[in-house]
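User: I'd like a close look at one part of this model, namely its disulfides and the strands around them. Take your time and walk me through it.

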Amino acid sequence: MLSFPYKFQIFFLFCFIYIGFQQIYAQNFPRGLGTPICTDQIIPPNVPENTGYDDIYPCGVFTQPPCLCPLIPSAPLSAYIDFYYVVIQSAGTFTFVVTPDEDINYDFGAFKNPNWENLNSALPPNRRGSDNNPFSNGEFSTGLALYVEETCRKQIEEPNGTHLGMARYFDVEPGDEILIAIDRKAPIESGYTIELGGDAVLECKTVGNDYFVCIEDDVLSADFFSEEIMAGLVQDFPDGNFSFYDVLDDAINATGTPLEFPLTVDYNEGEGTLIYGRVEDEVGNLMFVLRLNFYLSKKPEILTTETINIDPICDDGNGKAIIHLNRYEDIFVTDEDDNIRARFYPDEEAYENGDFIEDPTSYEAEDNQVIIVEAVNVFSGCTADEIARIKVHLEKSPNADLSAYDGYVICSDPEDVLDDSLTSVFVETELSEEDYDFTWIYKNLPWAVSGDTLATTTPNLLIDTPGSYSVTITNKEGIFCEQNITFTIDEWDPPDFKIKSISQP
């Protein structure tokens, strides 16, 4: 039996060997080698080629067999790899399934927020992988699935397991990056398909876009120009050569006649016209096939161009108030099309600069503020030619400040010898009885559900009893704006002391 210190020696020797392996197999990975993909993309039929990267260990460099046996060195992915790159736009779960075209052994590795200088340094929560022998169990598909808990699947660990080609999904947040390595274990010329899944939304800026031309109601066709299309594509693929087709197979195989710009597109009752962009590398190899949608979008109509004076609203005492602008939307746009919405701007300058109010459900406005309203198609970005306005009217609410009285301490006076200034406090609102109504309520305990309404209705109150007090101050005119203030008066006992005479010697 090994002694305790000797066990530690073995442990530290293993750690040294493991770290050594990590360092040996650490190398910079070129981020650009990963092909950006998202749910809207078409991935051409691929057969992974030899990349020269034969030292990627998605499940670690060692395997623990299902027994108290020594660790076994793991096999890396082969050098026949396709790399894909995914960026998360909104949080959720991320999965994918790789399905070989034939019964071919495909494995994979996946790394969340990878260390591009050393992929093998990823800790288990941020890496996934599969080293499955499908010929022994007939499970040729591989990838990430929602129904699997294991982060890495190795047949040596689970000889009788199920779904051996699948590993646990990734939980992802906005901005997360995932590198996927699809590994063809044997140099057999057979491809695969990859299907992305989960409920996370993927960033798709690098796969083309939807393009719009805003048209008047009687227009039936319009032209799209190459400079409008190519600006973003060249930025995403600076070394790519582009051609465009209206048939998918032509884009994949570079057959048929490429489309030319300007490209005339019909209205099609608002439906998009789909074309395909072929992206080639410098020597003419297919890198990407992009989906590009072209829409003619009719400018929305704003129902009125008048200035709408909304009913007065009580301010917060400081000349401002929260306004729910969305409540006025049906004055300006129809509800027949969910894409047509009202967009609000705080003033003319903001409208000219395109700085709209991001949360119209809760906007802080000022008295006499004029808010600009436009009708916008939120899908296409097309706006009406004319605008409308909302004028805000606020009524001033009472604005008394009684914070200095909250927690004020008066003294108890069991022997009735203390001055009134010590046993009471005179609370002053500094408001006029001619302009406001005052309702005072007393609760002997702060947590009491209800209290007693005091008889006085004056602006000020003399308090000589501890407890919780509140006052409701209401305007006597207008829409009767009010202010509610609660404060607590505490009571302490005076110090207890005795006078002892001291005789002189």
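Is Cys481 buried or exposed, and what is its relative accessible area?

Analyst: Keep in mind that this is a predicted model, so every value here is computed from its atoms. Cys481 is buried, with a relative accessible area of 1%.

Now for its partner. A disulfide joins Cys481 to Cys314, with the sulfurs 2.0 Å apart. The torsion about that S-S bond is about -95°, so the disulfide is left-handed. Cys314 sits in strand S22 (residues 313-314), while Cys481 is in the loop between strand S34 (467-475) and strand S35 (482-492), so the bond ties together parts that are 167 residues apart in sequence. The Cys314 end is another story when it comes to accessibility: Cys314 counts as partly exposed at 31%, whereas Cys481 is buried at 1%.

While we're at S34, have a look at Ser468, which lies in that strand. Ser468 is buried, with a relative accessible area of 4%. Setting aside neighbours within four places in sequence, Ser468 is in contact with Ile441, Tyr442, Lys443 and Pro446, and also with Thr486, Phe487 and Thr488.

The count of disulfides comes to two. The other pair is Cys214 and Cys382, with sulfur atoms 1.9 Å apart. Its S-S torsion is about -90°, so the Cys214-Cys382 disulfide is left-handed. This pair links distant parts of the chain, 168 residues apart: Cys214 belongs to strand S15 (residues 210-215), and Cys382 to the loop between strand S26 (370-377) and strand S27 (388-391). Here Cys214 is partly exposed at 36% relative accessible area, while Cys382 is buried at 0%.

Cys59 counts as buried at 14%, and Cys152 counts as buried at 15%.

Back to Cys214, and out into the strands from there. Its strand, S15, pairs with strand S20 (residues 286-298) in the parallel sense over six bridges. Within S20, Ser297 is the bridge partner of Cys214. S20 also pairs with strand S19 (residues 273-280), this time in the antiparallel sense and over eight bridges. One of the bridge partners there is Phe294 in S20, which goes with Thr273. S19 and S20 make a hairpin with five residues between them, and Gly284 in the turn has a positive phi of about 95°.

At the Cys382 end, the loop runs between S26 and S27, and both of those strands belong to an open sheet of four strands, in the order S21-S27-S26-S24, with mixed pairing. Strand S21 (307-309) and strand S24 (340-345) stand at the edges with a single partner strand each, so one side of each has no neighbour in the sheet. On average, neighbouring strands of this sheet are turned by 30° against each other, direction ignored. S21 and S27 run parallel and are joined by three bridges, with Ile308 standing opposite Ile390 in S27.

Technical notes: Residues numbered from 1 in each chain as written. Predicted model: local features only at pLDDT ≥ 70, side-chain atom pairs only at ≥ 80, totals over all residues. Heavy atoms only, no water. Disulfide = S-S within 2.5 Å. Helix = DSSP H or I, 4+ residues; strand = E, 2+ residues; numbered from the N terminus. Buried < 20%, exposed > 50% of the residue type's maximum accessible area, 1.4 Å probe, protein only. Contact = heavy atoms within 4.5 Å. Pairing = 2+ DSSP bridges. Axes fitted to C-alpha atoms, helices over the stretch in contact; angles between N-to-C directions.
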